[in-house]
Amino acid sequence: QPAYVTPSLLADALAQPRGLFDVIVQARKGGKSADAAKEVTDAQKEEPAKGSKLKRQFVSVAGTSATLSGRQILRLAKKSWVAAITSDPKIHQEAYSSGQVWPEAAAVASNWNALPADATYPAIAVVDSGITPSLPAYGGRVIKSVSFVSSATTRGAFGHGSMVGSIAAGGEDGYTGAEPRAKIVSIKVLDGAGVGSKSDVIAAADWILQNKATYNIRVANFSIGTGGDRIEYDPLDRAVESLWLNGVTVVVAAGNYAVN
């Protein structure tokens, strides 16, 4: 049984056998990330290509990211441990609008005085372009910052992550977020131009899964958009489902204007 391959990726691999493509390779049921990585390595040996490389092995899904030639993808699709080969597309921040009318509409205004200020609050992991921890909106509540940006042409913060963090947990008068006393973990997956890769986001999900107890992470926010495959094959769907099933509430952007 050949592996599932994103239809557009399969067409491109057939049309450009020497071209290079960023992909995510998932193992069949019962397989591990190491099994998928071995199949990738074998395909690379059988169909050598300059620029081809094995990249990250994941924890939250049984799979790995890689850059492969069209020929290698076609070869890999026939390997016994490979269930799916999907594109690793670029991701981007979702658009936004502002205004303090939203707390009432979202029914979160009551959170602001629900518990005493000295209560121990869990952390919200903001998977985005990074948060500037010194901003007064956070009052020193950014307890950890990590980055999974694998290839950046523009460094530094983009600003979108700080905006999202403020909506979730900002504490400034007139710009208060949903829970202004929550701690924040900043996880950077977008570069200074607001661009990243799906595999970087899966790596962020891996980190949350492995560190949720250390930082008491109970919520993870992904206000980013990316191309999707069928749900049974999309590795990012599997990664966030793994977070959900392990006690982390996952919040994602559905598109701000109900378009597409």
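Is Tyr233 buried, partly exposed or exposed, and what relative accessibility does Tyr233 have? Keep that question in mind while you open the model, which is predicted, so that local features need pLDDT of at least 70 and side-chain atom pairs count only at pLDDT 80 or more, while totals for chains, interfaces and linings use all residues. Residues are numbered from 1 along each chain as its sequence is written, and side-chain values use heavy atoms, with hydrogens and water left out.

Select Tyr233 to begin: at 22% relative accessibility it counts as partly exposed, a class between buried (under 20% relative accessible area) and exposed (over 50%), with a 1.4 Å probe and protein chains only.

Next, select strand S7, residues 123-128; strands (E, at least two residues) and helices (H or I, at least four) are DSSP runs numbered from the N terminus. Six of the six residues of S7 are buried, so the strand is largely enclosed by the rest of the structure. On one side you will find Ala123, Ala125 and Val127, and on the other Ile124, Val126 and Asp128, all of them buried.

Then show the neighbours of S7, remembering that two strands pair if DSSP finds at least two bridges between them. Strand S9 (residues 183-188) runs parallel to S7 and is joined to it by six bridges, with Lys183 as the bridge partner of Ala123. Strand S11 (residues 217-222) is also parallel to S7, through five bridges, and there Ala123 stands opposite Ile217.
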